[in-house]
Amino acid sequence: MERTLTIIKPDAVAAGHIGDIIKIFESNQLTIKAARLVSLTKKEAEGFYAVHRGKGFFDSLTSFMSSGPALPMVLEGDDAIARLRKLMGATNPANAEEGTIRKLYAQDIEHNAVHGSDATETAAFEIAYFFPGIDLA
Ligand code: CMP
């Protein structure tokens with residue numbers, strides 16, 4: 001069993017796709033262990049995406065991520081990190097495979113519906129960022 005952090009981003013929350021996206025997780029044996037609807041401040045979004053500081057899209061990305069409610073969740077399952085990333089599809093929905101979450105619900109590379117941790121260490125940092133010290137269900 002492995003845990004990963006996903007975020008249903010403000011574009012997908014505003015478009016009413018929380019249920020659709022959770023349905024995809026649950027029908028692919030990714031179990032929700034924690035969830036929290038948050039309205040991030042710009043500073044909190046910058047802290048979460050600190051590895052991208054200095055990149056051209058950093059300001060726009062963190063403004064978008066603090067533009068409205070988002071839903072971070074801890075998901076658990078076999079090979080959860082890699083399987084979540086496969087279900088999400090490519091970062092840019094224009095390159096995402098048919099049937100993936102980003103193909104279905106994302107608008108562009110920034111407004112791309114979901115985030116998913118990319119490695120074990122990142123998952124540990126990201127889970128602790130939104131769910132510090134909690135006893136996971
Ligand atoms: P995410 O998986 O949340 O991780 C970092 C985010 O930065 C990524 O999804 C995109 O939303 C965003 N991103 C990555 N590359 C670009 C880019 N070239 N232009 C705009 N946003 C980007």
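Visitor: Is Val38 buried or exposed?
Guide: The model is a predicted one. In it, Val38 counts as buried, because its relative accessibility is 7% and the limit for buried is under 20%.

Visitor: Where is Val38 found?
Guide: Val38 is in the loop that runs between strand S2 (31–35) and H3.

Visitor: How far apart are the C-alpha atoms of Val38 and Pro10?
Guide: They are separated by 9.8 Å. Along the chain, Val38 and Pro10 are 28 residues apart.

Visitor: Let us turn to the ligand. Which residues are around the ligand?
Guide: The residues around the ligand are Lys9, Tyr49, His52, Phe57, Leu61, Thr91, Arg102, Ile109, Glu110, Asn112 and His115.

Visitor: What is the distance from an oxygen atom of the ligand to an N or O atom in the side chain of Lys9?
Guide: That distance is 2.7 Å. For the side chain of Arg102, an N or O atom is 3.2 Å from an oxygen atom of the ligand. For the side chain of Asn112, the corresponding value is 3.3 Å.

Visitor: How much of the ligand's accessible area does the protein cover?
Guide: On its own, the ligand has 450 Å² of accessible area, and the protein covers 78% of this.

Visitor: And which pocket is the space taken by the ligand?
Guide: That space is the largest pocket.

Visitor: Now the aromatic rings. How many aromatic pairs are there?
Guide: The count is five aromatic pairs. One of them joins Phe48 and Phe130, with 5.2 Å from centre to centre and 45° between the planes. This pair is tilted.

Visitor: Why does that pair tie together parts that are apart in sequence?
Guide: Phe48 belongs to helix H3 (residues 42–48) and Phe130 to helix H7 (residues 120–130), so the pair links parts 82 residues apart in sequence.

Visitor: Are Phe48 and Phe130 buried or exposed?
Guide: Both Phe48 and Phe130 are buried.

Visitor: What about Phe125 and Tyr129?
Guide: Phe125 and Tyr129 form a tilted aromatic pair, at 5.8 Å centre to centre and with 40° between the planes. These two residues are about one helical turn apart, because they are four residues apart in helix H7.

Visitor: Which residues form the aromatic cluster?
Guide: One aromatic cluster is formed by Phe48, Tyr49, Phe125, Tyr129 and Phe130. Tyr49 is also one of the residues around the ligand.

Visitor: Where does Asp79 lie?
Guide: Asp79 lies in the loop between strand S3 (71–77) and helix H5 (80–88). With 46% relative accessibility, Asp79 counts as partly exposed.

Visitor: And what is phi of Ala113?
Guide: For Ala113, phi is near 70°, which is again positive in a residue other than glycine. Ala113 lies in the loop between helix H6 (101–105) and strand S4 (114–116).

Visitor: Is Ala113 buried or exposed?
Guide: Ala113 counts as buried, because its relative accessibility is 0%.

Conventions. Residues are numbered from 1 along each chain as its sequence is written. This is a predicted model: local features need pLDDT of at least 70, side-chain atom pairs count only at pLDDT 80 or more; totals for chains, interfaces and linings use all residues. Side-chain values use heavy atoms; hydrogens and water are left out. Rings of Phe, Tyr and Trp (its six-membered ring) pair if their centres lie within 6.5 Å; planes under 30 degrees apart count as stacked, over 60 as edge-to-face and the rest as tilted. Buried means under 20% relative accessible area, exposed over 50%, partly exposed in between (1.4 Å probe, protein chains only). A residue is near a molecule or strand if one of its heavy atoms lies within 4 Å of it. A polar contact is a pair of N or O atoms within 3.5 Å; within protein, one must be able to donate a hydrogen and the other to accept it, and residues adjacent in sequence count only if both atoms are side-chain atoms. Accessible areas come from the Shrake-Rupley method with a 1.4 Å probe; for residues, only the protein chains shown count as cover. On a 1 Å grid over the protein atoms alone, a cavity is a set of points where a 1.4 Å probe fits but cannot get out, and a pocket is an open set with protein on both sides within 12 Å along at least five of seven lines; lining residues have an atom within 4 Å of a point. A molecule sits in a cavity or pocket if more than half of its atoms lie within 2 Å of its grid points.
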